[in-house]
Amino acid sequence: MNQLKQIHANTLRNGTDFTKFLITKLLEFPDFIYAHKLFDFSPHRTVFLYNKFIQAYSIHGPYHRCLSLYTQMCLQRCTPNEHSYTFLFAACASLSAPHQGKMLHSRFVKSGFVYDAFALTALIDMYAKLGLLELARQQFNEMRNKDVPTWNSLVAGYARRGNMEAASELFAAMPARNVVSWTTMISGYSQNGKYRNALDLFLEMEKTKEVEPNEITIASVLPACANLGALKVGQRIEEYAKAKGYLKNMFVCNAILELYARCGSINRAKWFFDEIGRKRNLCSWNTMIMGLAIHGKWNEALELFYQMQREGTTPDDITFVGTLLACTHGGMVQKGREFFKCMKQKFYITPKLEHYGCMVDLLGRAGELQEAYNLIESMPLKPDSVIWGALLGACSFHGNVELAEKAAESLFELEPWNPGNYVILSNIYATAGRWDGVAELRKLMKGGQITKMAGHSLIEEGGQVHQFIVEDRSHPKSDEIYSLLGEVSTKMKLDITDDLDSMFEE
């Protein structure tokens with residue numbers, strides 16, 4: 001910075017014009033104030049300089065300054081070029097400004113730059129990010145020469161909106177792919193809860209050896225491993241990330257932490273959390289607190305909650321979900337009430353559905369069913385199926401038929417297709433000797449053609465995750481599996497018979 005000031009001083013003394021060089025360098029920092037002072041006193045405000053400012057603001061913000069500069073350009077009869085529109089489209093996407101985006105598109109067409117690949121890709125990307133996928137697809141179809149970034153923009157647009165089927169079709173049709181293409185799909189599947197698809201595609205990426213996964217790819221696939229319980233695959237990915245030096249990236253570190261916390265390796269998660277050390281951020285603390293709470297280590301979870309504050313990290317709404325879960329697993333009703341109260345009064349965090357759900361679960365498990373029901377009734381938000389489900393489960397445990405009926409009635413409206421709610425209420429009736437209620441529920445299920453879904457299991461073997469459904473033969477090796485299962489079953493029966501014979505002989 002001092003060198004730039006010295007250069008500026010020399011130009012003033014010598015009368016040389018280094019404005020272009022100085023502004024370019026200043027915007028790399030960026031130092032907008034100093035750059036604007038030079039720009040304001042410049043007698044020649046060229047398209048190049050305007051573009052440099054628009055580009056810098058489109059990256060760093062505030063994004064509305066891009067549009068102000070564009071207006072200023074037009075008023076001073078400085079005609080925007082294809083680069084101007086490329087940066088302006090990016091700014092409109094960041095601003096979530098569809099009206100301005102369409103207006104710029106119209107002027108872009110009139111300008112005659114409609115064959116510039118970079119500007120057209122930016123236009124498609126803008127429409128895709130704004131959720132205007134029909135317009136993005138129209139521009140994509142009309143574009144003559146599409147490069148990989150153009151395809152990636154549209155694929156990302158569909159993935160962002162949860163339309164993974166359309167994204168997958170585009171991905172399959174791509175004439176060439178780069179690491180961004182693969183990562184966009186893996187991330188899209190993972191963020192839309194299609195964890196098996198995400199992991200399968202990552203394994204395919206490894207197999208084809210078309211490109212190498214980068215740190216964003218790793219951070220995208222590890223949550224899929226965590227949700228699938230694919231610990232061995234996740235550990236192999238961790239080794240790859242370590243070898244590549246990706247553990248410097250906190251997104252990767254937090255994804256590894258989540259892997260261990262979700263897959264039952266809570267001690268390994270704690271070790272890794274300590275290894276991260278001072279680099280850990282709020283996400284790290286939340287993941288660890290949640291992991292400890294879910295594994296029943298409620299006292300350690302709460303100690304971590306206090307430790308994070310001592311180290312200067314302020315809790316957020318996700319932190320309090322973890323602390324309330326810890327209270328639930330520890331049976332600490334009064335402590336849970338205190339946390340629920342202090343998150344509003346001390347930290348000014350408005351409770352969300354997740355927090356109410358935790359409180360209903362906490363109170364319900366402790367037998368405080370009426371208090372749990374009153375809390376639901378007093379909620380400023382509309383209760384969802386998770387909250388009513390927590391109350392119904394608690395009623396099942398404590399045998400409260402009256403509140404169970406109220407919870408079930410709401411659940412039947414929210415998710416009429418879910419047979420589990422009918423089954424739980426039926427069991428509550430049966431335990432209470434209310435056989436008329438059992439018969440009525442069976443009639444409702446039969447009339448609504450509601451059937452209990454078949455259970456399934458996920459098993460990790462040989463670096464892959466296999467799904468097995470009850471009495472299912474869709475697996476390619478089902479004949480071998482059932483054959484081996486038969487042998488194991490027969491051997492078990494023989495072993496039991498031998499044990500019984502030995503007992504009688506003794």
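The model is predicted, with local features requiring pLDDT of at least 70 and side-chain atom pairs pLDDT 80 or more, while totals for chains, interfaces and linings use all residues. Residues are numbered from 1 along each chain as its sequence is written, and side-chain values use heavy atoms, leaving out hydrogens and water.

Let's start with helix 8 (residues 117-129) and helix 9 (residues 133-142), whose axes come within 7 Å and cross at roughly 160°. Helix 8 is therefore roughly antiparallel to helix 9 (angles over 145 degrees count as such). Here helices are DSSP runs of H or I with at least four residues, numbered from the N terminus, and axes are lines fitted to C-alpha atoms over the stretch in contact, with angles from 0 to 180 degrees between N-to-C directions. On the helix 8 side, L123, I124, Y127 and A128 meet L133, L135, A136, Q139 and F140 of helix 9, where contact means heavy atoms within 4.5 Å. These contact residues comprise eight nonpolar, one polar and no charged.

Now to the rings: the structure holds 19 aromatic pairs, counted when ring centres of Phe, Tyr or Trp (its six-membered ring) lie within 6.5 Å. F320 and F339 form an edge-to-face pair, 6.5 Å centre to centre with 65° between the planes (edge-to-face means over 60 degrees). F320 counts as buried because its relative accessibility is 0%, and F339 is buried at 4%; the cut-off for buried is under 20% relative accessible area, with a 1.4 Å probe and protein chains only. Ring pairs also link F305, Y306, F320, F339 and F347 into a cluster.

Key. Helix = DSSP H or I, 4+ residues; strand = E, 2+ residues; numbered from the N terminus. Parallel < 35°, antiparallel > 145°, perpendicular 65-115°, else oblique. Nonpolar A, V, L, I, M, F, W, Y, C, P; charged D, E, K, R; others polar. Phe/Tyr/Trp six-rings, centres within 6.5 Å; stacked < 30°, edge-to-face > 60°. Buried < 20%, exposed > 50% of the residue type's maximum accessible area, 1.4 Å probe, protein only.
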